[in-house]
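Here are my notes on this model, point by point. Have the structure open while you read.

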Amino acid sequence: MTFAAIAVACVCLAAMDLDVHRLPDRIMWPTMGALIVGLFVAAASEGLWGIFGRVLVTGLVCGIGYLVISLVSLARGSLALGLGDVKLAMVLGAGLGWFGWQSVMVGMYSGFLVGGLVAAMLLVTGKIRLEASLPSVRR
């Protein structure tokens with residue numbers, strides 16, 4: 001049930017991100033809270049405290065990793081990742097942490113892989129130039 005609720009929230013976040021390029025706190029914080037509470041209840045009912053600890057650690061590690069990327073991009077003069085992306089990384093990292101570190105690594109890196117493939121496809125088809133950023137794709 002927890003992951004179904006998180007999936008619905010992620011669909012809402014994806015739609016909002018595509019529309020206005022923002023991930024609002026009014027959706028992010030309740031999503032994060034629902035995930036942590038839901039996984040806490042699951043861990044408590046089954047005695048899976050080690051897994052719940054991993055959930056907290058993976059959420060924090062992913063959030064800190066994305067925060068570093070965001071700050072580095074900001075220092076270079078662009079904001080490739082905003083704080084909404086950092087919070088989303090925390091949610092996704094914590095959710096994937098329930099299934100193990102391998103799931104976290106595959107899940108987090110696949111976002112970069114898919115983004116790179118989409119960028120390469122747009123470059124090859126001429127929809128963007130090398131100097132362009134992805135949000136400025138011609139329609």
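1. Let me start with a crossing: H1 and H2 cross in a left-handed way (left-handed if the near helix is turned anticlockwise from the far one by less than a right angle, right-handed if clockwise). By class, 10 nonpolar, 3 polar and 1 charged residues make up the contact of H1 with H2. Here Ala, Val, Leu, Ile, Met, Phe, Trp, Tyr, Cys and Pro count as nonpolar, Asp, Glu, Lys and Arg as charged, and the others, Gly among them, as polar.

2. Before going on, the ground rules. This is a predicted model, where local features need pLDDT of at least 70 and side-chain atom pairs count only at pLDDT 80 or more, while totals for chains, interfaces and linings use all residues. Residues are numbered from 1 along each chain as its sequence is written, and side-chain values use heavy atoms, with hydrogens and water left out.

3. The overall layout is quick to state. The chain has 5 helices and 0 strands, so its elements read α-α-α-α-α from the N terminus (DSSP runs numbered from the N terminus: helices are H or I with at least four residues, strands E with at least two). Along the principal axes, the C-alpha atoms fill a box of roughly 55 × 25 × 25 Å.

4. Back to the H1 and H2 pair. Helix H1 (residues 2–20) packs on H2 at an angle of about 165 degrees, and their axes are 10 Å apart (axes are lines fitted to C-alpha atoms, for helices over the stretch in contact, with angles from 0 to 180 degrees between N-to-C directions). That makes H1 roughly antiparallel to H2; the cut-offs are under 35 degrees for roughly parallel, over 145 for roughly antiparallel, 65 to 115 for roughly perpendicular, and oblique for the rest. From H1, Thr-2, Phe-3, Ile-6, Ala-9, Leu-13 and Met-16 take part, among others meeting Met-28, Leu-35 and Leu-39 in H2 (contact means heavy atoms within 4.5 Å).

5. What about H2 and H3? Their axes are 8 Å apart, at an angle of about 160 degrees, which makes H2 roughly antiparallel to H3. This crossing is right-handed. Ile-36, Leu-39, Phe-40, Ala-43 and Ala-44 in H2 meet Trp-49, Phe-52, Val-55 and Leu-56 in H3, a contact with 9 nonpolar, no polar and no charged residues.

6. Helix H2 (residues 25–46) also packs on helix H4 (residues 83–97), at about 15 degrees with axes 10 Å apart. H2 and H4 are therefore roughly parallel to each other, and H2 passes H4 in a left-handed crossing. The contact of H2 with H4 has 9 nonpolar, 3 polar and 2 charged residues by class. Its H2 side includes Asp-25, Trp-29 and Met-32, and its H4 side includes Lys-87, Leu-88 and Val-91.

7. Last, do look at the second largest pocket, with a volume of about 180 Å³. (On a 1 Å grid over the protein atoms alone, a pocket is an open set of points where a 1.4 Å probe fits, with protein on both sides within 12 Å along at least five of seven lines; lining residues have an atom within 4 Å of a point. Points are joined across faces, edges and corners, and the volume is the space filled by probe spheres set on them.) Which helix gives the most to this lining? H5 does, with 6 residues. Among the lining residues are Tyr-66, Trp-101, Met-105 and Phe-112, and the class count is 10 nonpolar, 1 polar and no charged.

Note on methods
Points joined across faces, edges and corners; volume = space filled by probe spheres on them.
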